[in-house]
Amino acid sequence: MPSKSRFSLSRRRLLLATAGVAASAPLFRFAQAAVPHEYRIVARPGRAALSGAGRPATDVWAYDGEVPGPILRLRQGEPVRITVENRLEQETTVHWHGIRLPISMDGVPGISQVPIAPGDTFTYAFTPPDAGTFWYHPHANSLQQLGRGLSGALIVEEREALSVDRDLVWLLSDWRLEPDGKMAPGFGNPMEAAMSGRIGKRVTLNGAAATDQPVRAGERIRLRLINASLARIMALRIEGHGPTVVAVDGQPCEPHSPESGRLLLGPAMRIDVILDMQGEPGGRYAVIDDFYDGLSYAVTQLAYAAGPAVGRRSEQPTPTLARNPLPEPDLAAAVRHELKLQGGMMSGMGGMSGMSHAVWAINGTSMTGDGHAGMPPLLTLKRMQTYVLSFVNETAWWHPIHLHGHSFRILRRNGSAVPFQQWGDTVLLAPKDTVDCAFVADNPGDWMLHCHVMDHQVSGLMTVLRVS
Ligand code: C2O
Ligand code: CU
Ligand code: CU
């Protein structure tokens, strides 16, 4: 094994080029397993041990009854069909968050499709153009359906696998549970909707409470972090380890160490890191989230096996990901628009009056709910034109702002250039932040733009951009 692991990338490329073979040829150690081109998932009630082993399980709504749902692995540029069966007692849809696909496959009720009625199925068919870490969740009654457990990881594999020892997915969620394990009621509480949204005290990693993650000294791991929470923002650091960020929201960036060692993940955001296991055999290292002042806690522990270090991949340079085929914004010809995020507690918008469901707005307009037919677009964009959206957070709250159907370059934050060529489909704004994002409007359709704090989305922090 170790001798093969030193098989150099350039030599592999050369062989691939000269032999003209697909990356699936068995010749290469890192050749990927075949991925299915058809999946079937069932949205249904289930039970999940969110409180940990030996504690009462929780009634959830979940894909295949599991929290999180099954990891769906696709291959870049290869078509997939995913049939979704609805065994809930209410209609649902599935949104493939971050995937650039046709509007008819985007899973927005009324805009993309008629929602899937209880007992019905719908088949989503698309070809993912970009490799990376994505996720899927409902876009109908989103606050409850996502909040009760409907989410899963969607991994689009590169045509040629990265040279790492293991590829791990950590889908992180939080839950508000009662002492007997039941899901706490109160989804859509107006007070929370006007503040930070429904944050739960129980945090799970792949559906389990803080259990150890077994690792071995010397391993090089690609770790895909997904924040699937309704509202919780996370800032993760790993004791004794220095992760290298290689992709944000599925899109490769220049490899870099995260600012002050913390991986900042708003709801719906993903970060891929390369993590070299530099700890001591037998050692334990906490993964700490200390985003909220005074509320730091360990998400999990890296638990090292006792044996000596394995492999030597961590001595090699950090592997790099090939860029996805995103259209490069033409900044010189860009058309700019300012989008002001408004409302919430302390804004005077009157969210506490009980008079209206709308407590947030974008440029003075509140669209509430999950998306529906006939939403008038805030902007109509010309196809293939570059746009710079300047998000101005006039509120006193944090907002992860997400655009469907496109990825954008994050250009500037509060006037300073954002380094490392970062792209995103969701950008986190601190209170009073201004962030400029650029993209080419290359995908025709009516695309949702909303805050991914679900309470905020359903109470007004949402709009539609039309690409005609
Ligand atoms: Cu993941 Cu419209 O959202
Ligand atoms: Cu989305
Ligand atoms: Cu928000």
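I began at Trp61, where I found Arg148 lying over the face of the ring, at 5.0 Å from the ring centre. I keep in mind throughout that this is a predicted model. I then looked up Phe187, and there the charged end of Arg198 sits over the ring, 3.8 Å from its centre.

Next I turned to the copper ion (ligand 2), for which I noted His95 (NE2) and His402 (NE2) as the protein donors, lying 1.8 Å from it.

I then went through the aromatic pairs, of which the structure holds nine. Because Tyr63 lies in strand 2 (residues 58–63) and Tyr136 in strand 7 (residues 132–137), the pair ties together parts that are 73 residues apart in sequence. Tyr63 is buried at 1% relative accessibility, and Tyr136 is buried with a relative accessible area of 0%.

I also looked up Phe291 and Trp398, which form an edge-to-face pair with 5.0 Å centre to centre and 80 degrees between the planes. Phe291 is buried, with a relative accessible area of 14%, whereas Trp398, at 30%, counts as partly exposed.

Last, I noted a cluster in which ring pairs link Tyr63, Trp96, Phe122, Tyr124, Phe126 and Tyr136.

Terms used. Residues are numbered from 1 along each chain as its sequence is written. Chains are lettered from A and ligands numbered from 1 in the order in which they are written. This is a predicted model: local features need pLDDT of at least 70, side-chain atom pairs count only at pLDDT 80 or more; totals for chains, interfaces and linings use all residues. Side-chain values use heavy atoms; hydrogens and water are left out. Donors are N, O and S atoms within 2.8 Å of the metal (3.2 Å for Na, K and Ca); water is not among the atoms, so sites may look incomplete. Rings of Phe, Tyr and Trp (its six-membered ring) pair if their centres lie within 6.5 Å; planes under 30 degrees apart count as stacked, over 60 as edge-to-face and the rest as tilted. Helices (H or I, at least four residues) and strands (E, at least two) are DSSP runs, numbered from the N terminus. Buried means under 20% relative accessible area, exposed over 50%, partly exposed in between (1.4 Å probe, protein chains only). A charge sits over a ring if NZ of Lys or CZ of Arg is within 6 Å of the ring centre and within 35 degrees of the ring normal.
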